Amino acid sequence: MKKLNVGLIGYGFMGRTHSNAFRKVNNFFDLPYQPVLKAICGRDENNAKAFAQKWGYESVETDWRKLIERADIDLIDIATPNDTHAEIAIAAARAGKMILCEKPLSMDGKQGEKMVKEIEKARVPNMVWYNYRRVPAVTLAKQLIDEGRLGRIFHYRAKFLQDWTISKDLPQGGAGLWRLDVKSAGSGVTGDLLAHCIDTAIWLNGSIGSVTAMTETFIKERKHNLTGKVEKVGIDDACAFLARFENGSLATFESTRYARGHKALYTFEINGENASIAWDLHDLHRLQYFDHRDEGKLRGWRSIHITDSDHPYMKHWWVPGLQIGYEHTFIHQVADFLAGLGAKKPMHPDFRDALETQYVCDAVLKSAKTGKWEKVPKSK
Ligand SMILES: NC(=O)c1ccc[n+]([C@@H]2O[C@H](COP(=O)([O-])OP(=O)(O)OC[C@H]3O[C@@H](n4cnc5c(N)ncnc54)[C@H](O)[C@@H]3O)[C@@H](O)[C@H]2O)c1
């Protein structure tokens with residue numbers, strides 16, 4: 001196995017999921033590369049040192065520019081808020097580093113285009129952490145669709161529901177709450193949650209041609225943690241949109257952080273002429289499947305427990321019947337990235353794939369303002 005020296009930027013939620021994936025991937029997958037946790041970068045030196053000790057990073061940097069300059073770093077992993085992705089990714093590409101970047105790719109499509117241009121010019125291996133593609137049940141859904149089992153697809157229905165911003169006393173900005181600050185996040189639920197739904201949808205059902213959307217900001221002003229002042233809230237708290245896919249199917253997407261009782265309820269359902277598929281993140285190891293071609297008296301929804309060795313990724317884990325969970329989607333993503341690197345095959349979703357999702361997000365936010373159907377620009 002060749003060593004691959006990783007420099008991770010950001011030691012928050014995603015910093016932990018990525019570090020866990022880098023540490024475990026070679027225990028379960030036979031791969032041509034082994035990630036080495038070379039350096040963690042965070043602005044607070046003490047926090048970065050504590051993180052390095054906990055996860056086994058060899059060194060600490062407090063400025064990401066220094067990390068990128070280091071000759072002993074092969075891969076830059078970006079796990080920082082959305083407004084930092086572009087500058088870091090472009091600098092990393094110019095320095096010839098491989099790049100893993102958190103989603104959403106950028107603050108908007110225009111910024112995403114600049115990133116794609118630089119990354120493609122530098123020809124560095126790259127991938128964006130749309131990890132839900134690598135839930136084994138979701139990967140199985142992709143296989144079933146690609147095998148043509150659903151036939152012509154009529155409907156795609158996705159939701160991503162949370163309830164953590166209902167209190168008007170919750171401030172915006174700064175650590176933990178940058179998602180509520182439009183200057184750091186770019187948008188609200190559209191870029192944060194619907195971006196996941198859109199990435200999965202494009203992967204499963206092809207490109208989205210046009211959208212019409214509505215958004216709402218329920219709490220109009222919140223105290224800003226960095227300025228101490230009450231400031232206008234610029235993010236969308238909730239978003240619902242209709243979409244037409246290029247294959248002629250119709251879709252509804254909904255996301256909110258105001259659905260009391262739901263923490264991370266990501267669901268989708270796809271209806272085809274022969275069969276339907278449904279999936280639910282809260283029950284992520286199951287895929288619901290209905291096939292109209294089954295014998296009539298036995299026809300019904302099957303709840304497939306995705307734990308058998310012939311299910312995607314599962315032969316690498318325990319024995320049939322035993323489940324895996326959220327953290328494993330990141331391990332699968334690293335495994336596929338390293339395998340692709342060995343085979344010199346491009347890995348997906350790459351920056352250009354993520355730009356397509358960004359364009360859909362832009363069109364959704366534009367439509368919410370204009371009140372009209374908006375076309376999604378082509379990214380490929
Ligand atoms: N793939 C997923 O399912 C998923 C889930 C959550 C978040 N995300 C994405 O991951 C990114 C990070 O989100 P998070 O939840 O980990 O946030 P977080 O707030 O938990 O962590 C962000 C980290 O970035 C650090 N940081 C901020 N600016 C920095 C800078 N200039 N230099 C170095 N470090 C800096 C912060 O100190 C913090 O450690 C976001 O883009 C978010 O959209 C993806």
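Student: Is Cys 101 buried or exposed?

Tutor: Burial is read from relative accessible area, with buried meaning under 20%, exposed over 50% and partly exposed in between (1.4 Å probe, protein chains only); Cys 101, at 0%, is buried. This is a predicted model, in which local features need pLDDT of at least 70 and side-chain atom pairs count only at pLDDT 80 or more, while totals for chains, interfaces and linings use all residues. Residues are numbered from 1 along each chain as its sequence is written, and side-chain values use heavy atoms, with hydrogens and water left out.

Student: How many disulfides are there?

Tutor: A disulfide is a covalent bond between the sulfur atoms of two cysteines. With the criterion of a pair of cysteine sulfur atoms within 2.5 Å, the count is zero. For Cys 101 the nearest cysteine sulfur, that of Cys 361, is 14 Å away, and for Cys 197 the nearest, again that of Cys 361, is 9.8 Å away; Cys 197 is buried too, at 0% relative accessibility.

Student: In what order do the six strands of the open sheet run?

Tutor: Strands are DSSP runs of E with at least two residues, helices runs of H or I with at least four, both numbered from the N terminus, and two strands pair if DSSP finds at least two bridges between them. Here the order is 3-2-1-4-5-6, with parallel pairing. Strand 3 (59–61) and strand 6 (126–128) are the edges, each having a single partner strand, so one side of each lacks a neighbour in the sheet.

Student: What joins strand 5 to strand 6?

Tutor: Strand 5 (residues 98–101) pairs with strand 6 in the parallel sense over three bridges, and Leu 100 has Met 127 of strand 6 as its bridge partner.
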